Amino acid sequence: MITSFQMRAARALLGIDQRTLAELAGVSLPTIQRMEASVGTVRGVVESLTRVVDALNGAGVELIGEHARSDDGGRGVRLREPGPPRRI
């Protein structure tokens with residue numbers, strides 16, 4: 001579905017905070033916080049996840065799954081390997 005890294009990256013691309021995403025999606029702030037605190041794929045109530053994905057799509061963010069293509073155009077960022085950046 002969506003990873004916590006994608007959620008945070010999508011918010012960053014839109015320049016919105018967790019509270020704004022919660023308002024756009026019609027879910028609570030603690031729901032967004034729990035989702036973003038997940039490791040890997042976000043877990044939660046399917047309806048809440050769907051609302052968040054729909055809100056991000058409606059705001060102009062295309063969420064691209066692993067090994068999926070994006071033919072819609074526009075600018076974007078894609079992770080090669082899921083996970084936090086490595087510190088040297």
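# Briefing: a four-helix chain

Thr 31 is a residue of helix α3. The model that contains this residue is a predicted one. The chain comprises four helices and zero strands, and its order along the sequence reads α-α-α-α. Of the 88 residues in the chain, 28% are buried. Among contacts with a separation of 6 or more, 58% join residues 24 or more positions apart.

- Gly 44 stands 13 residues from Thr 31 along the chain, and the C-alpha atoms of the two are separated by 8.4 Å.
- Thr 31 is one of the buried residues of α3, together with Ile 32, Met 35 and Glu 36.
- These buried residues line one face of α3, because they fall within an arc of 125° when the helix is seen down its axis.
- The face of α3 turned away from the buried side carries Arg 34 and Ala 37, which are exposed.
- The helices against which the buried residues of α3 pack are α1, α2 and α4.

**Helix α4**

- Helix α4 has 13 residues, and the distance from its first C-alpha to its last is 18 Å, close to the 18 Å expected at 1.5 Å a residue.
- Six names make up the buried set of α4: Ser 48, Leu 49, Val 52, Val 53, Ala 55 and Leu 56.
- Seen down the axis of α4, these residues fall within an arc of 160°, so the buried residues line one face of the helix.
- On the other side of α4, the exposed residues are Val 46, Glu 47 and Gly 58.
- The buried residues of α4 pack against α1, α2 and α3.

**Helix α2**

- In α2, the buried residues are Leu 21, Ala 22 and Ala 25.
- The buried residues of α2 line one face of the helix, because they fall within an arc of 100° when seen down its axis.
- The partners against which the buried residues of α2 pack are α1, α3 and α4.
- Gly 26 follows α2, and the phi of Gly 26 is positive, near 70°.

- The axes of α3 and α4 come within 12 Å and cross at roughly 90°.
- Helix α3 is therefore roughly perpendicular to α4, because angles of 65 to 115 degrees belong to that class.
- In this pair, Thr 31, Ile 32 and Met 35 of α3 meet Ser 48, Leu 49 and Val 52 of α4.
- The axes of α2 and α4 come within 8 Å and cross at roughly 100°.

**The nonpolar core**

- In soluble globular proteins, nonpolar side chains tend to be buried together.
- The largest nonpolar core of this chain has 17 residues, and those touching the most other members are Ile 2, Met 7, Leu 21, Ile 32, Val 52 and Leu 56.
- At least two residues of this core come from each of α1 (4-14), α2 (18-25), α3 (29-37) and α4 (46-58).
- Helix α4 gives the most to the core, with five residues.
- Leu 56 touches Ile 2, Ala 10, Leu 14, Leu 21, Val 61 and Leu 63, when residues up to four places away in sequence are not counted.

**Arg 11 in helix α1**

- Arg 11 belongs to helix α1.
- With a relative accessibility of 14%, Arg 11 counts as buried, because this value falls under 20%.
- Leaving aside residues up to four places away in sequence, Arg 11 touches Ile 16, Asp 17, Gln 18, Leu 21 and Glu 36.
- Among these contacts of Arg 11, Leu 21 is a buried residue of α2 and Glu 36 is a buried residue of α3.

Definitions and conventions: Residues are numbered from 1 along each chain as its sequence is written. This is a predicted model: local features need pLDDT of at least 70, side-chain atom pairs count only at pLDDT 80 or more; totals for chains, interfaces and linings use all residues. Side-chain values use heavy atoms; hydrogens and water are left out. A nonpolar core is a set of buried Ala, Val, Leu, Ile, Met, Phe, Trp, Tyr and Cys residues joined through side-chain atoms within 4.5 Å. Buried means under 20% relative accessible area, exposed over 50%, partly exposed in between (1.4 Å probe, protein chains only). Contact means heavy atoms within 4.5 Å. The expected span of a helix is 1.5 Å times one less than its number of residues. The arc is that of the directions from the helix axis to the C-beta atoms. Axes are lines fitted to C-alpha atoms, for helices over the stretch in contact, and angles run from 0 to 180 degrees between N-to-C directions. Angles under 35 degrees count as roughly parallel, over 145 as roughly antiparallel, 65 to 115 as roughly perpendicular and the rest as oblique.
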